Structure formats: structure tokens, C-alpha cells
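This report describes how one protein chain is put together. Please look over the sequence and the structure before reading on.

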Amino acid sequence: MIRKKLLVTGMVLSFAAATVLSGCAGTSQQANDESVQEDQNTAEVSDVSEEEEPDTGDASLDDPRNADDIGENELLVASFGTSFNDSRRLTIGAIESDLDEEFPDYSVRRGFTSQIIIDHVSTRDGEKIDNIHEALERAVDNGVKNLVVQPTHLMNGYEYDELCEEVANYSDAFEKIAIGKPLLTTDEDFYAVAGELVGAMSDYEEDGTAIVYMGHGTEADSNAVYEKMQGILDEMGKTNYIIGTVEATPSFDDVLAKVKEGGYTRVVLRPMMVVAGDHANNDMAGDDEDSWKSILTSEGYDVECVLSGLGEISGIRKLYAAHAASAINEIQQSDAVASSSDMAAPVELTSQGAAPVFGKDIQDGSYDIDVECSSSMFPIESCELDVNSGDMTATLFMGGTGYRYVYPGQPEEAAFTSEDNYIAPEKKTEVHTFTIPVEALDYPISLAAFSDKKEKWYGRTLVFKSASLPQEALKNATASSASEIEISDGTYQVEVTLSGGSGRANVTSPATVVVTDGKPMATIEWSSPNYDYMIVDGDKYEPENSDGNSVFTIPVLGFDYEMPIKADTTAMSEPHEIDYTLNFDSSGLK
């Protein structure tokens, strides 16, 4: 087919080309590296072999999204693809469906980059999936004016670069083009995805269990995303989460070494890939002797496999939607979204890098809870958290009435979604309140707020603080008093673990605990000289020293549980109270 070109002005053409190039530049890889392309095209070789295949599901349940009658606005979802029908429907299909619901003014269509997978699915199942060229031709033939391409790639690597180049060839065929970013682009993306990785596997966490995510890996510089993600998980205190790759580093040998070093007895495997395709079903969970499952089993570990791609995680799909919303905003330049110059200076949040706390870990009930907000222009006077069978909502009691709506997500998403998805305020005791869903505590949650005065959406980030909940709210809060563990007065050395904050601070362990008349007091030495007071159970404690790392003597409210504390640091531009927990191990008292 000969590609048709639309007659557009030089200004529009320049905008479209610049949009494509700015969205895809900045990588050092050679996108036309034939060996890498060969590796990618053969990534699912056994997936498409002529040997007898396992049952991969009913292809007729999948929507290839290759219909015409697109209209003027198209959102093309570009994926490598998989011939595993169920996984394709539950991952790529779920991402597409969410985007369809999120952006009703755009027709969502599908394009795969792997021709081998396209041909195999067509031959085996009779399902026709467009490749990127065919999808772009379909858009041209249907008279699309505004094209947004959202890849489901994990990173900005070779394949993403090649997608950008192919789309750039059509820069004169549409009035406007924009390409969304891959899943892991900004630091905020990494922290958000880390939280989703933990949340998706939190039910598998128990003593002696290592949770291993298998990534694909690449020879490109972008392979560094795996090491960066491992660092963030470690920073969150989730050292039992281990990341490895099939094709690069960290390798399986690196994974096995960490499992052995951690003294684990059980390993749960899950793919760190959008789909659970060939690598997940064969290299990870297959019965061949060289699969990760088989090798770990032969090493004596109890192994369980979770054959679910990242696309099955709703929070991951929401991140793709946020990236698509940013791309849509590029070409529509919506006046309803506030620019960075319109925003007040952000308030520094203290919980980036903390491990999230999920509703399943909290007793059902209603609780007052502290909440941090990234903007002083979104005044939250107080907050009430409601927990019901693991689902959490928060009612925000506002210090003003200046916001007409809020929306759980980015302002770009809010501007282009249906008004039915907006959350309107309620009025309680002359105060406006908004009730919003809460995915996790100690975890950054994006919230868009629509200003009545400015008639624009503003981006906010909220963090709900688990340390402000009463002890009885947490299911694992089983504190033991000194009398309950039957210890006598005396001086002890007790192992203590610090959690919370950014994950960078720590305290000296073991700590000295002195028990007098059954009341234990602990000497806590921080890794920094910048703490000027601590708050325990509502009481304020001053440091005992003026030189060196900050040292405090505080009461031990109980042992073997996450004891909430606050510590004020002067290391930031302004003093700031940070929520932490201390866990004193009672075994050191016996």
C-alpha cells in the first residue's frame, strides 16, 4: 500500500516531528543493531515453534482492536506482543481496555512490533493483529488527525527507539503526533512501580521467603533499570525481593547467590514483564532442567511460580494511562491543566522509599490519620481513614472550599477523562470533604484537584502515614511488655530495627535497654547528628549530646512490634518531623 500524506502546514509538521523526536531522544543505543533486533524477534522462539504447544487460552476472547471507523483521534497501543492468548488478553488487552475507558474521545487500537508473533497467532488461531506499519496505515486511511502512540515497553531501549523511528516516518501524515513514555522513565515511575511490585506479592511474604522477579534484560544501557529497581526495593527495606534477568545482568547466578546469602527456604517467582509469555512459562516456570524453577528446586528450595504479567496489576495499568495522558496533553495543550509555572513550590515529602502498608494489614474500622501533601495550596485540616475487608478510603476534611472536583490520578488524566470519574465534595459541619480511594499507606498517591477560581487541574501527591494510626489498628502490632516476657530489672543489649522515612537513616543495633521497676528505656543512637528531638507516645525527648550522632533515651512501649515514633531532622532546608517505627527484638532480653 502506498502511504498517503495529508497536506498540513509547515508549523503543524514541525510540531509533529519535534514531538516525536523529543519523546524518543536521549538514548545512546544504536537502534538499528541487527543482532539486538534478532534477539528480540527470537525472544519467544519456543513460543512460536512447530512442536506441540500447551493450551494458551481461547484467542476468540481477545480483541485485536484493528477495526476501522476510528475518527479523528486515535490512541495506538504499541506492544512487543505474545502468542499466549490468555496472558495477551489479561495484560495488553487490559491496558488497552483501561485506556479506552480513560480517554473516551480517542479510539484505542493495537499494534505489535514482533512479526513472528503476529504470524504465529494468525496461523494458529486465525486472529489478525496489525503490526506497527499496518496500524499506522489504518490510521491514515481512516483520516486520523491526532495520533497518540503509547508503548507498553518497560524501558527506553532499542525497541522503543525503533518504534519512534517508524512513527517519525509518518510525521507528515497526521496533523499532530505524540509518543508516550515507557513504564520506567522518571524517578517517580520507579518508586511507584516498586510499590506495585511489593503490593502485588505482599500475600506471599512470610519468614524464609524470597520473592524473585524475572526481567528480560538487554545489552543496551537501559538494562540499568533492573539494578536501579533493586536499589529502591532495598531502600524500602524489601531485601527479600530480588530481581534477575534472562538475557543480561543481574543474571540467574546473581539471583541464586542472593537467595543463598539470605538463608531463604522458599522462593516465589514472578515475571517482571508486561506479559507472562514464553520466558515466564518456560525459562522461569518450565519443567526443563535449566529453568529457574527446576534449578532452584534441585538446590533444595520450595518453589512457587506466579504466572501473571505486570499488565495484570491495576496500578501498573494506571501508570501507563498517566503516560498516555501526558502525551495527549502535548498535542491538545489543554488549558484545563495547570503548567509548572502555575504551581506553588512543592512541599518535600518524607516517605519516598518507605515500604507501603496495605489494607489487608489493618484492622477494619475508622481511624484518624496524618496525611502529607505536596502542595500547601491544598489545605487538609484532618483526615479519616476507613478500612473494610482490605479496601481503604480516606475522607479529606479541607480547610477551604476552592476545589470543585478531585480525581485519583494525574491532572492530564483528569482533563481527558469523563466527568463521571470526578469526585465531588460533600459538606460536613460547614467543611468540604472529599472521599478518595487509598491504595496503600506510606506510599505516594497522585491526586488531581480542579480549582474553581483558576478553572484548571492541579497535581498533588498525598502520603497517608501509618505511624499515626493507633497500635491496635495494625494486625501485626502484637507488642509484648517487659512484664509479659518476664524479664527482671537490669541492662540488656537488644537488636533494634528502624523503618520508615526515606530508608536512608538507621540506628545503632544492638541498643542498650535498661529496665527499672519493669519499665524499659532504650538508648538510641542515630546515623546522623541532625536530629534535634524525638516524640514517643506523645512525649517529646531531647538529645543527650551536642557533638556527634544524635543520641536519645526513650521509653520502649513494647517489644516485637513496629513501635511508632517521630524524629525531627534539621538536615533539610527547614526542620521536618519524620515518621519512623522501631522494632525491639525481645529475644535479646532472655
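## Basis of the values

The model is predicted, so local features need pLDDT of at least 70 and side-chain atom pairs count only at pLDDT 80 or more, while totals for chains, interfaces and linings use all residues. Residues are numbered from 1 along each chain as its sequence is written, and side-chain values use heavy atoms, with hydrogens and water left out.

Strands and helices here are DSSP runs numbered from the N terminus (strands: E, at least two residues; helices: H or I, at least four). Two strands pair if DSSP finds at least two bridges between them.

Strand 3 (residues 146–151) has six of its six residues buried, where buried means under 20% relative accessible area, exposed over 50% and partly exposed in between (1.4 Å probe, protein chains only). Asn146, Val148 and Gln150 point one way from strand 3, and Leu147, Val149 and Pro151 point the other way. Six bridges join strand 3 to strand 1 in parallel, and Asn73 stands opposite Asn146. Strand 3 also pairs in the parallel sense with strand 4 (residues 176–179), over four bridges; there the bridge partner of Asn146 is Lys176.

## Helices around this sheet

Strand 3, helix 7 (residues 158–168) and strand 4 make a right-handed β-α-β unit. Right-handed means that, with the strands pointing away from the viewer, the path from the first strand over the helix to the second runs clockwise.

In helix 4 (residues 92–102), the buried residues are Ile92, Gly93, Ala94, Ile95, Glu96, Leu99 and Glu102. Among the elements they pack against are strand 1 (73–79), strand 2 (107–112) and helix 13; contact means heavy atoms within 4.5 Å.

Another open sheet of four strands has the order 6-5-7-8, and its pairing is parallel. Strand 6 (241–245) and strand 8 (302–305) stand at the edges with a single partner strand each, so one side of each is left without a neighbour in the sheet. On average, neighbouring strands of this sheet are turned by 25 degrees against each other, direction ignored. Strand 7 (residues 266–271) runs parallel to strand 8, joined by four bridges, with Arg266 opposite Asp302.

Helix 9 (residues 224–235) packs on this sheet, touching strand 5 (209–215) and strand 6, and makes about 175 degrees with the direction of strand 6. Helix 10 (residues 252–261) lies across strand 5, strand 6 and strand 7, running at about 160 degrees to strand 6.

## Nonpolar cores

A nonpolar core is a set of buried Ala, Val, Leu, Ile, Met, Phe, Trp, Tyr and Cys residues joined through side-chain atoms within 4.5 Å. The largest has 87 residues, and those touching the most other members are Met229, Met272, Ile362, Phe378, Leu396, Leu441 and Phe464. Helix 13 (residues 314–332) gives this core its largest share, nine residues. A second, separate core of 29 residues includes Tyr492, Leu498, Ile524 and Phe559.

Beyond its neighbours within four places in sequence, Ile362 contacts residues including Val357, Tyr367, Val387, Met392 and Leu441.

## Cysteines and Gly501

Cys373 counts as buried at 12% relative accessibility, and Cys383 is buried with a relative accessible area of 4%. Taking a disulfide as a pair of cysteine sulfur atoms within 2.5 Å, the count comes to zero.

Gly501 is found in the loop between strand 19 (496–500) and strand 20 (511–516). Gly501 is buried, with a relative accessible area of 3%. Between Gly501 and Met236 there are 265 residues of separation in sequence and 9.2 Å in space, C-alpha to C-alpha.

Methods
Axes are lines fitted to C-alpha atoms, for helices over the stretch in contact, and angles run from 0 to 180 degrees between N-to-C directions.
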